[in-house]
Amino acid sequence: VGQRPKVHLDGVPVSQTLIDDLLVELRAWTEETGRVAKNRERPSIDAGNYMILRSPKMDHDANASKKTPDEDATRTVVTNQSRSTRASRRAIRKTRKLEKYRKIWDLAQKALNEVDPIFAERCTEIAVTYRFQGSPHIDKQNCGPFYGFSLGNFPNGEGGICVESSARLVAVMNTKNRMGRVDGRYTHWVDEYAEESERYSLICYETGNAYVTPGPAVFDIPKDINMVV
């Protein structure tokens, strides 16, 4: 990031009841699965724990699209059966994971509905993280912007989502107890926060839907600009 200026923005507040209920479920998740080195789903990311919950409608849409043309049936039947078996096993694992953590999905959807009910309907996946740190990256599979939501006891004013608005400017979206809309198809990362503090995040995004051409990296009005960081 160096000496690039930062522009600061605030996401839309989420109701305290949903925040409290989500913290109960998220703490139960890390109590069960662990808080350190439990990121197996996206190892390129620096996070104590990480999982992806997928909307049940994804499996329905995927199954509906599996059609083999009659003229290719003889030649491809064995290959398709093998692929179908692997896909079915993956789908079963993902479905079981969603069932196990359904409360997290439902509460996150309620929070998203408070802010943007149209996007809540389009959301196909939610990345659930604990102590996500730094990790500049681009979300290549996303077909549009995402909503980020963070919660926990980490200090106010820290742990925002940073995104490159341009080669010379970084936007920092405050997502603590808030939903902030960011386009993850630009390089983005998590800003620094107190080392031993608790920070959970929910990243609500969509894949497989109609592609939205990238526009601005963030979608809220800046509250200030720090010219020296």
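Visitor: What volume does the second largest pocket have?

Guide: Rolling a probe the size of a water molecule over the atoms shows where empty space is left. On a 1 Å grid over the protein atoms alone, a pocket is an open set of points where a 1.4 Å probe fits, with protein on both sides within 12 Å along at least five of seven lines; lining residues have an atom within 4 Å of a point. Here the second largest pocket has a volume of about 190 Å³. This is a predicted model, where local features need pLDDT of at least 70, side-chain atom pairs count only at pLDDT 80 or more, and totals for chains, interfaces and linings use all residues. Residues are numbered from 1 along each chain as its sequence is written, and side-chain values use heavy atoms, with hydrogens and water left out.

Visitor: Which residues line the second largest pocket?

Guide: Among them are Trp 29, Lys 38, Arg 40, Tyr 50 and Lys 97. Strand β3 gives the most to this lining, with 3 residues.

Visitor: What volume does the largest pocket have?

Guide: The largest pocket has a volume of about 530 Å³. Of its 26 lining residues, Arg 42, Tyr 50, Ile 52, Ala 127 and Tyr 205 are the closest to its centre.

Visitor: Is Leu 9 buried or exposed?

Guide: Buried means under 20% relative accessible area, exposed over 50%, and partly exposed in between (1.4 Å probe, protein chains only). Leu 9 has 1% relative accessibility, so Leu 9 counts as buried. Leu 9 sits in strand β1 (residues 6-10), and its C-alpha atom is separated by 9.1 Å from that of Phe 219, 210 residues apart along the chain.

Conventions:
Helix = DSSP H or I, 4+ residues; strand = E, 2+ residues; numbered from the N terminus. Points joined across faces, edges and corners; volume = space filled by probe spheres on them.
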